[in-house]
Amino acid sequence: MAEDPLERIEREEREKKQRNGGLKTLMWVLVAVAALLAAALGYLLNQKSGLVKELEVEKADLTEQMLALQNDFATLSSDYENINSQLDTSREQVALLIEKLKKTEATNRAKIRQYEKELGTLRSIMKGYIVQIDSLNTLNKKLTADAAAARQEAAESKRANAELTQKVDQLSDRVAAGSVIKARGLSLQAYNGSDRVTDRSSRVQYLIATLSLVENELAERGPVRVYIRVKDPEGILLLNSSSTSFNVGDEALQATASREVDYEGNEVELSIYVKDTGAFSKGIYTVEAYTTKGLVGKSELMLR
C-alpha cells in the first residue's frame, strides 16, 4: 500500500530534525571535550612552569652555597706548605664544580643532586682542613712554649756560659721541631772506698755522673743511650777497657762511659759509673753528657 505523501513528508521532516539534533549534540560534546583538554593542557603547562621555577630556585640556592664555600676556601690559609698545596687543589675542585653547575639545566635533577653530593664532600674536606690547621697551630704554640722554657732554664743556670747558651738555643730549635730529648741536673761526684762522697783526690776510687732526661711528649719512644765524657784537669779524656765511641751527626767521639735507658716520654733519672781510669789528681774535672742527637749537659767537679 502506497505511503501517503503528507505522512512521508512529515516523517522525513522528523528524521531530518533527529539527524540535526544528533549533530548538534555531538558538536557540543566535542566542544566540551576540547574545553576539558584545553583546561588540562593549561593546568599541566602551569604545573610544569611552577616546577621549572622551583628547580631554578634550587639551582640558584645551590650556586650560592658553592660560592660561599669558594669564599671560605679563599680566606682559609696556613703556614704549612703541604696543607696549602691541598687547599689549592680543593679550590680548583670548587671552581670546576661551579662551572659545571652553571652549564647544567635546572631541570636536570640527576646532575643537580650529584653536584649537591659533591658540595657536601667538599664541605667535609673544608672542616677537615680547619681541624688540621687548628691542631697544628696548637702544637706550634706548645713547641714555642717549650722552647721559651728551655731558654729560661738556661738563663737561670749558674753553669751557663757562652758555649752552653749556644747549645741550649740549638736544643730549643730542635725542641720546637719536637724531636729532641733534653736533659737537666747533670752533676759529677767522687766516691771513696767506703762508697762515700769525697772531694780529696787521693781518696777517690770512682766517679758517678747523674742526670735526668726530661719529659717530652713529642720525643721518640724507646731505648736511649746516654754517653758521658769526663776530662781531667789537663783536659785529657778518662778512658778504661769498657769505654766506647759514638757519633753525633758526622762527628765521631769517644765516651768515658755510657748507659742505655728506656724512654717513654716521661722524666727518667739515671746514674753512670766511671771506674778503673787510673789515679785522680787535684783540679777541676769536667763532664759532658751526650745522646746521638748532641750535647745535653755539662758540669764540673773540683778535687783537692
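Q: How do you know that the largest cavity is a cavity, and what is its volume?
A: On a 1 Å grid over the protein atoms alone, a cavity is a set of points where a 1.4 Å probe fits but cannot get out. The largest cavity comes to about 30 Å³, where a volume is the space filled by probe spheres set on the points, and points are joined across faces, edges and corners. Searching the whole structure for cavities of 30 Å³ or more turns up 1. Bear in mind that this is a predicted model: local features need pLDDT of at least 70, side-chain atom pairs count only at pLDDT 80 or more, and totals for chains, interfaces and linings use all residues. Residues are numbered from 1 along each chain as its sequence is written, and side-chain values use heavy atoms, with hydrogens and water left out.

Q: What makes a residue part of the lining, and which residues line the largest cavity?
A: A lining residue has an atom within 4 Å of a point. For the largest cavity, L55, E58, K59, A106, R109, I112 and R113 qualify.

Q: Why is the contact between E58 and R113 called a salt bridge?
A: The term needs a side-chain nitrogen of Lys or Arg within 4 Å of a carboxyl oxygen of Asp or Glu. E58 and R113 sit at 3.4 Å, N to O, so the pair passes. With E58 in helix α1 and R113 in helix α3, the bridge ties together parts that are 55 residues apart in sequence. E58 and R113 also belong to a salt-bridge network with E116.

Q: Are E58 and R113 buried, exposed or in between?
A: Buried means under 20% relative accessible area, exposed over 50%, and partly exposed in between (1.4 Å probe, protein chains only). E58 has 30%, so it counts as partly exposed, and R113, at 31%, does too.

Q: How do you know that K100 and E118 form a salt bridge?
A: Their closest N and O atoms are 3.8 Å apart, so the pair is inside the limit. This one links distant parts of the chain, from K100 in helix α2 to E118 in helix α3, 18 residues apart.

Q: What makes W28 an exposed residue?
A: W28 has a relative accessible area of 57%, which puts it in the exposed class. W28 sits in helix α1 (residues 5-75), and together with M27 and V31 it makes a nonpolar surface patch with about 340 Å² of accessible area.

Q: What makes the largest pocket a pocket, and which residues are closest to its centre?
A: A pocket is an open set of points with protein on both sides within 12 Å along at least five of seven lines. The largest pocket has a volume of about 340 Å³. Of its 19 lining residues, E153, R159, V168, A183 and V296 are closest to the centre.

Terms used:
Patches are made of residues with over 30% relative accessible area and no salt bridge: like charges are joined within 9 Å, nonpolar side chains (Val, Leu, Ile, Met, Phe, Trp, Tyr) within 5 Å. Accessible areas come from the Shrake-Rupley method with a 1.4 Å probe; for residues, only the protein chains shown count as cover. Helices (H or I, at least four residues) and strands (E, at least two) are DSSP runs, numbered from the N terminus.
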